[in-house]
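Me: I've got a protein model open and I'd like to get how its descriptions are worked out. Can we go through it together?

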Amino acid sequence: MLLAARYVLPIAAPHIVDGAVLIRGDHIVEVGESEKMRKVYPDEEVRDFGLAVLMPGFVDLHTHLEFSAMRGLVDDLPYSQWKLQLLEKEERLDAQDWNDAALLGAAEALESGITTVADISDSGASAHALASAGVRALVYREVSTMDPREIDDVMARATEDIQEWNELGDPSRLTAGIAPHGTYSTHPTLYRKVAEKAIAEGLPVSTHLATSRDEYDFVRYGSSRLAVDYRQTFSGVDVGWLPTGVSPVRYVEQLGLYEVPELLAVHCTQVDDSDIETLAEHNVAVATCPRCNAKLGMGVAPIAAFLHRGIRLGIGTDSPASNNTLDMFDEMRIGLLIQRAVVGYEPHLVARHYVKMATLDAARALGMEDRVGSLEPGKQADIIAVDISHSHQIPTLYPYSTLVHTANQENVVFTMVAGQVLYESGRWSLLDIDRIQARAEEMRVKLRA
Ligand SMILES: [Zn+2]
């Protein structure tokens with residue numbers, strides 16, 4: 001099949017005006033000028049999207065799709081209060097609810113042009129939903145406890161789940177990893193056990209790190225709302241937490257976490273130059289979640305400094321529970337504008353670079369850049385079409401600017417993963433959207449009662 005559009009963005013190469021992409025089976029065969037390719041392949045079926053952008057699907061570098069039923073449930077509170085309220089409300093959901101919430105998230109991901117998801121899941125619902133929706137995914141099994149007596153059990157259950165998730169579907173689309181939740185919810189011994197397991201098995205690891213001032217104060221000074229309210233509510237155990245005197249980045253270094261082969265740290269808003277150096281030295285990748293960080297008052301990640309030190313970096317949505325939509329256009333736009341407003345103009349922080357961060361750079365952060373993240377011969381056909389023909393988008397001069405400054409998730413008209421069309425203009429090929437939406441309404445009633 002030949003996909004054609006006004007603009008083709010290979011990402012790893014300059015954009016093509018009036019371009020086309022040739023697909024055979026699950027992969028890309030050729031990328032070039034539409035007119036030439038139509039002549040070379042006269043018998044090929046052509047899908048011409050007109051005034052649109054063809055580009056690699058977005059890589060959402062951090063999310064929790066099973067929290068999709070919590071959209072707008074706890075708004076306008078700072079991070080630690082938001083987290084506490086969510087923990088209280090999530091008790092109302094049963095296993096079927098979590099599964100359908102994750103399916104709602106998977107449907108929104110495809111509708112928004114997200115073709116690869118790095119998800120942290122506690123219930124396992126995200127893994128099942130992503131497998132059945134056909135989305136490419138790395139799902140990290142979340143582990144957390146501050147009670148040392150629970151650690152062996154927590155690890156045993158995680159081991160079982162990871163094995164099950166790895167057998168859920170096509171291994172080229174879905175793989176499993178492990179995720180110690182964060183410093184205030186993960187006992188030091190649990191971090192060590194995760195590191196040992198990840199090193200022994202080559203298992204990818206993701207963790208929330210240096211997320212907010214409350215977390216920083218908890219680790220360094222042993223105080224903050226997370227030290228009191230969170231522990232009483234969530235762990236119900238007095239862990240005898242003492243100030244460590246170091247930053248969160250330094251603290252997990254002492255627990256051996258940076259020895260794991262593939263580590264993805266999430267948020268990283270509370271880092272100084274020495275922390276950035278530590279992350280760079282250990283080749284830790286970072287998922288930045290600009291909209292979630294702004295909405296929950298978590299801080300601003302030092303993107304220019306990360307890039308300057310060569311840290312692998314991409315963008316995550318962090319789920320509808322924290323920032324209401326899985327809209328990667330909003331993430332790029334707000335991420336760029338916050339940096340420019342707070343830090344000032346940086347030559348690297350321009351629209352083209354944000355599109356790369358949301359695709360190829362994020363694939364690199366997951367170690368998947370040999371398969372996805374750009375339109376290149378031999379890579380997987382994970383491709384989206386973004387309609388840019390609306391009156392607020394024309395005339396278009398530079399497609400990267402159009403995407404970052406004028407587009408949103410509803411402009412995505414076509415989403416393909418591994419050559420398979422999974423979403424097109426309001427229709428999902430593998431999901432029963434009417435049932436999922438009806439279930440979302442039932443969960444709304446439960447959660448808001
Ligand atoms: Zn998260």
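Me: Why is Ala321 called buried?
Reply: Ala321 has 26 other C-beta atoms within 10 Å. A residue is buried if 20 or more other C-beta atoms lie within 10 Å of its own, exposed if 12 or fewer, and partly exposed in between, with C-beta atoms placed from the backbone. So Ala321 is buried.

Me: What kind of model is this, and how are residues numbered?
Reply: This is a predicted model, where local features need pLDDT of at least 70, side-chain atom pairs count only at pLDDT 80 or more, and totals for chains, interfaces and linings use all residues. Residues are numbered from 1 along each chain as its sequence is written.

Me: Where does Ala321 sit, and which residues is it in contact with?
Reply: Ala321 belongs to helix 13 (residues 320-323); helices (H or I, at least four residues) and strands (E, at least two) are DSSP runs, numbered from the N terminus. Leaving aside neighbours within four places in sequence, Ala321 is in contact (C-beta atoms, placed from the backbone, within 7 Å) with His64, Phe67, Met70, Arg71, Leu73 and Leu86. Arg71 is 250 residues away along the chain, yet the two C-alpha atoms are separated by 4.7 Å.

Me: How do you know that the span of helix 14 agrees with what it should be?
Reply: The expected span is 1.5 Å times one less than the number of residues. Helix 14 (residues 328-342) has 15 residues, so it should span 21 Å, and its end C-alpha atoms are 21 Å apart, which agrees. Its buried residues are Met328, Phe329, Asp330, Glu331, Met332, Arg333, Gly335, Leu336 and Gln339. After helix 14 comes Gly344, with a positive phi near 100 degrees.

Me: How is the protein chain divided, and how far apart are the C-alpha centres of the domains?
Reply: There's domain 1 (2-56 + 381-433) and domain 2 (58-365), with bounds from an automatic or database domain assignment. Their C-alpha centres lie 30 Å apart. The contact takes 27 residues from domain 1 and 29 residues from domain 2.

Key
Contact = placed C-beta atoms within 7 Å.
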